Amino acid sequence: MNKTKVLVFAVIALVALNFGIIGFLFLSKNNDGTRGRKMPREIIIEKLHFDANQIAAYEKIIQDHQKKIKGLDDSIRVSKNELYQLLNSDTIDSSQKDTIFFKLADYQKQIETTHFNHFLEIKKLCKKEQLSDYENLTEELSKIFSHPRKPKNNN
């Protein structure tokens, strides 16, 4: 084969590969039109078979929950900044450091309590026939809210 035939073959192969990749990306969409993982909100609505009224109430619960968590996350950020500012001192006051550690632990406890109470509120939204779905959901919560795994970087 001469160079022209090899080049034509390579171009055709690359074009076919591009079409294959584009087709895969379009076919790999979720039912809601998004790619990748579904949002926890959609998973919960789907698994609990919420009706329109329940979804509206759930949206309100989500907004309240996000507001509380944002406030706690902000408090954690401020405390971490205080903690890391101690690194600029020649001597670190261990009682000051411990106080910040205790504040951080308390904020984390408040976050977990807020999450727990959030799911108790969701349970209150459920009708009697949805409670078994709720129980099944609680067994999957850690998987639903885990962050997607990032591929290992072997560098």
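Reader: What is the hand of the crossing of α2 and α3?

Author: The crossing of α2 and α3 is right-handed; the term applies if the near helix is turned clockwise from the far one by less than a right angle, and left-handed if anticlockwise. This is a predicted model, in which local features need pLDDT of at least 70 and side-chain atom pairs pLDDT 80 or more, while totals for chains, interfaces and linings use all residues. Residues are numbered from 1 along each chain as its sequence is written, and side-chain values use heavy atoms, without hydrogens or water.

Reader: At what angle do the axes of α2 and α3 cross?

Author: The axes of α2 (residues 40–48) and α3 (residues 52–85) cross at roughly 145° and come within 12 Å. Angles run from 0 to 180 degrees between N-to-C directions.

Reader: Which residues make the contact of α2 with α3?

Author: Pro 40, Arg 41, Ile 44 and Ile 45 of α2 meet Ile 55, Tyr 58, Glu 59 and Ile 62 of α3, contact being heavy atoms within 4.5 Å. These residues comprise 6 nonpolar, no polar and 2 charged.

Reader: Which residues of α2 are called buried, and what covers them?

Author: In α2, Ile 43, Ile 44, Ile 45 and Leu 48 are buried; the term means under 20% relative accessible area, exposed means over 50%, and partly exposed lies in between (1.4 Å probe). Their cover includes α3, α4 (94–125) and α5 (131–144). After α2 comes His 49, with a positive phi near 55°.

Reader: Why is Ser 75 called partly exposed?

Author: Ser 75 has a relative accessible area of 22%, so Ser 75 is placed in the partly exposed class. Ser 75 belongs to helix α3. Between the C-alpha atoms of Ser 75 and Tyr 107 the distance is 7.5 Å, although 32 residues separate the two in sequence.

Reader: What makes the rings of Phe 50 and Tyr 58 a pair, and why is the pair called edge-to-face?

Author: Ring centres must lie within 6.5 Å to pair; planes under 30 degrees apart are stacked, over 60 edge-to-face, the rest tilted. The count by this rule is 1 aromatic pair. The centres of Phe 50 and Tyr 58 are 5.8 Å apart and their planes stand at 70°, so the pair is edge-to-face. Phe 50 and Tyr 58 are both buried.

Reader: How many helices and strands does the protein have, and what share of its residues is buried?

Author: The protein has 5 helices and 0 strands, helices being DSSP runs (H or I) of at least four residues and strands (E) of at least two. Of its 155 residues, 21% are buried. Carbon and sulfur atoms account for 58% of an accessible surface of about 12,300 Å².

Notes:
Nonpolar A, V, L, I, M, F, W, Y, C, P; charged D, E, K, R; others polar. Areas by Shrake-Rupley, 256 points an atom, 1.4 Å probe, with all protein chains shown as cover. Phe/Tyr/Trp six-rings, centres within 6.5 Å; stacked < 30°, edge-to-face > 60°.
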